[in-house]
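I am opening a notebook page on this model.

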Number of protein chains: 2
Amino acid sequence: MAERLVIGVLGGMGPLATVDLYRKIIETTPAARDQEHLHVIIDADPSVPDRTEALLYGGPDPTPWLIAGARRLAGAGASFIVVPCNTAHAFLPQVQAAVEVPFLNMIDETADRLAEMLPAGSTIGILATAGTVASGLYYRALAERGLRAIAPPGDEQTLVSAAIAAVKAGQVERATSELVLGPALGLVRSGAQAVVAACTELPLILRTGDLPVPLVDPTRVLAEAAVAVALGQRPLPATPSKGLAYRHAE
Amino acid sequence: MAERLVIGVLGGMGPLATVDLYRKIIETTPAARDQEHLHVIIDADPSVPDRTEALLYGGPDPTPWLIAGARRLAGAGASFIVVPCNTAHAFLPQVQAAVEVPFLNMIDETADRLAEMLPAGSTIGILATAGTVASGLYYRALAERGLRAIAPPGDEQTLVSAAIAAVKAGQVERATSELVLGPALGLVRSGAQAVVAACTELPLILRTGDLPVPLVDPTRVLAEAAVAVALGQRPLPATPSKGLAYRHAE
């Protein structure tokens, strides 16, 4: 058996989304007994300041917390790091600049998956936090691959944000799903040929079959990519140039 | 808000049992948003050799793996450590002797809970791995509290062990539950006034209501104890005398 890599999970944003990623890593791993599973190290520090608050409303910058967590994972032996929080990806360039261990980027992996699924020029609906929408993370990643992103209008975004907050408060139930179904169907009516559950709380309340178009779950895409990298079936992601990243962060 | 402690989880034995514990820690924590949850660090190295093999069939001693994982958790900042694997508790005295960070013992917590629930002299049924049964872990902990433990006869133990192996292979389904229901009901017929799902795979396939007596889930008991300790609602467990533990291990 080839040397396996150790998966580091920078989690806690929110905690249930971290549970969901770890469960999907386990489900994706071909294993019939404990010893065939992968070594996973999780640092779930939920005190990381709210990512949307930082991006939109001048809240504290979560970057120092993310760097501290990534360093704990590196110190414990993680070979690479995944972050089950879409919004946190807005801060990853600065975090990557501060740690040697490479990150596997959930947004890029999801955009790659969509580009495999759909022809160039297709429209993709994005259900996410207001911070992820405003950051343009998915818009840019999809545009680079010839795809167009659309998000719900403001009043429907408010419903999506309310559903995400409800999951973070532990309300994984039908009433929460219903908050987000209207905005999701609105995206389909506006031409979305696929919808991305682009906040890690959303796959907990939305399932394939809830919509008349494919629902893409970035948590599952990330789990599959992490398992493939850990098993040596594909290479580790390239670490961006440190010099460039440091300049960008300053 | 008082300083909160960091929960270290020495996991991966098996991986789904670790997911179950983390989910129960989250459910037990009073929190309405991410930042109110607890800092949890998980080291899930499933390459730890099989605990029952080591106890019964001369397999490799898992102690060095457990010590390495505990040291990774201590290095990353865990204030105390929990181990979501009943059988691994047979090796904890040697592991505790090698690391400064205290362990919160799942067997002791469960025995305390049973002693609160039932009068002295009561009979408790133990569903566990053959290794946990043979180790006498529950027998001793319950006897110290005036309770009597019984386990299934050999042929029924084989069914329990098969169900545990099926969960470790990802078969969390009705057929697996049915493997263990016969032995569980046999314990009740033999006088058990409560049954302990004393392998962390078993709460995934057995639920309260499956049996005519209370089913105690040590994973949930451990989650509740860990949250109470992390929130400062009860003291950290006392670390056993290092000298004594070292002598015991030699």
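At what angle do the axes of helix α8 (residues 154–168) of chain B and helix α9 (residues 174–189) of chain B cross? I looked this up in what is a predicted model. The axes of α8(B) and α9(B) cross at roughly 150 degrees and come within 8 Å. I noted the handedness as well: α8(B) passes α9(B) in a left-handed crossing.

Next I listed the residues that make this contact. From α8(B) they are E156(B), L159(B), V160(B), A162(B), A163(B), A166(B) and V167(B). From α9(B) they are T176(B), L179(B), V180(B), G182(B), P183(B) and G186(B). By class I get nine nonpolar, three polar and one charged for the contact of α8(B) with α9(B).

I then turned to chain A and looked up α8(A) and α9(A), residues 174–189. Their axes come within 8 Å, and the crossing angle is roughly 150 degrees. The crossing of α8(A) and α9(A) is left-handed. On the α8(A) side I wrote down E156(A), L159(A), V160(A), A162(A), A163(A), A166(A) and V167(A). On the α9(A) side I have T176(A), L179(A), V180(A), G182(A), P183(A) and G186(A). The residues of this contact of α8(A) with α9(A) divide into nine nonpolar, three polar and one charged.

Interface entry. How many residues does each chain bring to the contact? Chain A gives 35 residues and chain B gives 35 residues. I recorded a buried area between chain A and chain B of about 2,700 Å², with 58% of it from carbon and sulfur atoms. In chain A, the residues that lose the most area to chain B are Y22(A), D34(A) and Q35(A), together 21% of what that side buries.

For the charged pairs, I count four salt bridges between chain A and chain B. One salt bridge joins the side chains of D34(A) and K168(B), at 2.7 Å, N to O.

Which elements give two or more residues to the side of chain A that touches chain B? I find α1 (15–28), β2 (40–44), α3 (63–76) and α8 (154–168) of chain A. The largest share, seven residues, comes from α1(A). By class, this side of chain A has 19 nonpolar, seven polar and nine charged residues.

How values were computed:
Residues are numbered from 1 along each chain as its sequence is written. Chains are lettered from A and ligands numbered from 1 in the order in which they are written. This is a predicted model: local features need pLDDT of at least 70, side-chain atom pairs count only at pLDDT 80 or more; totals for chains, interfaces and linings use all residues. Side-chain values use heavy atoms; hydrogens and water are left out. Axes are lines fitted to C-alpha atoms, for helices over the stretch in contact, and angles run from 0 to 180 degrees between N-to-C directions. Helices (H or I, at least four residues) and strands (E, at least two) are DSSP runs, numbered from the N terminus. A crossing is left-handed if the near helix is turned anticlockwise from the far one by less than a right angle, and right-handed if clockwise. Contact means heavy atoms within 4.5 Å. Ala, Val, Leu, Ile, Met, Phe, Trp, Tyr, Cys and Pro count as nonpolar, Asp, Glu, Lys and Arg as charged, and the others, Gly among them, as polar. Buried area is the accessible area (1.4 Å probe) that two parts lose on being put together, summed over both.
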